[in-house]
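Below are some questions and answers on ring contacts and backbone geometry. Please look at the model first.

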Amino acid sequence: MTTKFPSIYFLFFFFLYFNCAAKQNKKKKKKMEFKKYLFVLLLTNVFLFGDRLFVDGLGCNWGTQATHPLRPDIVVKLMKDNGFDKVKLFEADPGAMLALGRSGIQVMVGIPNDMLASLASSVRVAEDWVSHNVSYYLSNKGVDIRYVAVGNEPFLKTYDGQFTKTTLPALQNIQAALIKAGLGRDVKATVPLNADVYQSDTGLPSGGTFRSDIQDLMLSIIKFINDNGAPLTINIYPYLSLHADPNFPVDFAFFDGGATPVVDGGVTYTNVFDANYDTLISALEKSGFPSIPVVIGEIGWPTDGDVSANPNFARRFNQGLVNRIRRGVGTPKRPTLPDVYLFGLIDEDMKSVEPGNFERHWGIFNFDGTVKYQLDLGGGNLTAAKGVRYLERQWCVMAPNADVADPNFGGSLNYACTYADCTSLGYGSSCAGLDLRGNASYAFNAYYQTMNQQKGACEFSNLAVITRIDPGFKDGTCRYEIMIDNGGTPASNPGTSSAAAASVSSSGVVSWVAMLVLGLVACFH
């Protein structure tokens, strides 16, 4: 989706055609036949390329919990190259905010949960936050901030009520601060909530209700959000439904219609997203908020760290989701699909793995912005990040003469994986089939790259050596990385990432240019 043509272009061509036709209405019939041909060609062009050129409304989540994050300007260019016009940040990271200035990308800027208590305690604290993180970037840096996300899934059951007393007061104080700053109409405050805030007493969408332990709090938050003209933000993860239940019907997690449907009265559900979303809508209807706008704050599929987290499933799910967005297909209760923020843009190797090893692999791009799998967002295949710099092309692997029976072997692996990301070695993951030596080489290299290939980072009690020979792949899936280097001269991708940047379709652009030329010819023919 590298090129978007708003409807004004379409109207321009129609104006051009009819204006020319009016001027030429006294000329020969043959020339009018040419204009009829032009008109037919224009309509054909719309049918062939309209779904690709007019796609809009797809956002992404940009997380920064990485040991070696991409430069913010590279990430913003990556988003624009792939057609993302909205982004959700988990905090007001200065580098990200500055890079988003005058980018044309709409921003939802987040407030971490650990700030909720201080924001709830004082309006002045909220005013200071808004001044430094909203007003400043809007007025001075041209950042198009549309939403402030107060907290992130603060009512997760695993938090055991830690944020239930601070979330609403923090939301109220942020809203008051936005109003005081003169931003109340343009910037809306919302709270991204996990789908576990609602449930169904019947197991069907029509039985949707809010969790009993937070029902009154949820109604207060929803009323406050609705009164201030903001949307309710919900994170929905069909992958987690599959991950949590070994008996969950796999096909029901996807959008391609292969699952046994769930019938709820006269409504048929063919996928878990529709059922989950409409469970929320049922709960809202019962609570007196049948038409409050809803935003999908996070939705996606991981590519590693679990049996069901793989590129094939990720592509199947995300492509199905994108196709629905392109067609404007909603759910039975809400026929119009809301704004959607895909989770996530890039892998993050410092995320907590408490929920599972898959947490570090949600990106549609690898940590370095290379393409994981082909995904058509409306303008052809994905485009990889440009201008990425890498460390020297060398790896740290287990020494040929080292023995897995060495008493230091187990401790060395444990040390490497304590300070580097070894989640690809877990059961069902992309490197799960390696032998002990392969496991050691992967772990040693992960640590070596994380430590910027520093001297002494490839010793491990003399069990490891540095090599310039690519350790290779296991069945084309296991990647031995070369880490990003944000200094020095640009280097081409070192070869261990699936870096083949997919070609971006230019047929739509060529077609529109051709139409312009033909239109001008029609005027002067």
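**Ring contacts and backbone geometry**

Q: Which residue lies over the face of F254?
A: A charge counts as over a ring if NZ of Lys or CZ of Arg is within 6 Å of the ring centre and within 35 degrees of the ring normal. At 4.0 Å from the ring centre of F254, the residue is R316.

This is a predicted model, in which local features need pLDDT of at least 70 and side-chain atom pairs count only at pLDDT 80 or more, while totals for chains, interfaces and linings use all residues. Residues are numbered from 1 along each chain as its sequence is written, and side-chain values use heavy atoms, with hydrogens and water left out.

Q: How many aromatic pairs are found in the whole structure?
A: Rings of Phe, Tyr and Trp (its six-membered ring) pair if their centres lie within 6.5 Å; planes under 30 degrees apart count as stacked, over 60 as edge-to-face and the rest as tilted. A search of the whole structure gives a count of 23.

Q: Which arrangement do F254 and F313 form, and how many residues apart are they?
A: Their centres are 5.2 Å apart with 65° between the planes, so the pair is edge-to-face. F254 is in the loop between helix 9 (238–244) and strand 10 (262–264), and F313 is in helix 11 (residues 311–327); helices (H or I, at least four residues) and strands (E, at least two) are DSSP runs, numbered from the N terminus. The pair links distant parts of the chain, and the separation is 59 residues.

Q: Is F254 buried or exposed?
A: Buried means under 20% relative accessible area, exposed over 50% and partly exposed in between (1.4 Å probe, protein chains only). F313, at 22%, is therefore partly exposed. F254 has a relative accessible area of 0%, so F254 is buried.

Q: What is the pair of W301 and F317: stacked, edge-to-face or tilted?
A: W301 lies in the loop between strand 12 (294–299) and helix 11, and F317 in helix 11, so the pair ties together parts 16 residues apart in sequence. Both residues are buried. With ring centres 5.4 Å apart and planes at 40°, the pair is tilted.

Q: Which peptide bond is cis, with omega near -5°?
A: Most peptide bonds are trans. G344 lies in the loop between strand 13 (340–342) and strand 14 (395–398). The cis bond runs from F343 to G344.

Q: What is the phi of F460?
A: F460 is in the loop between helix 13 and strand 15, and at 10% relative accessibility F460 counts as buried. F460 is a residue other than glycine, yet phi is positive, near 50°.
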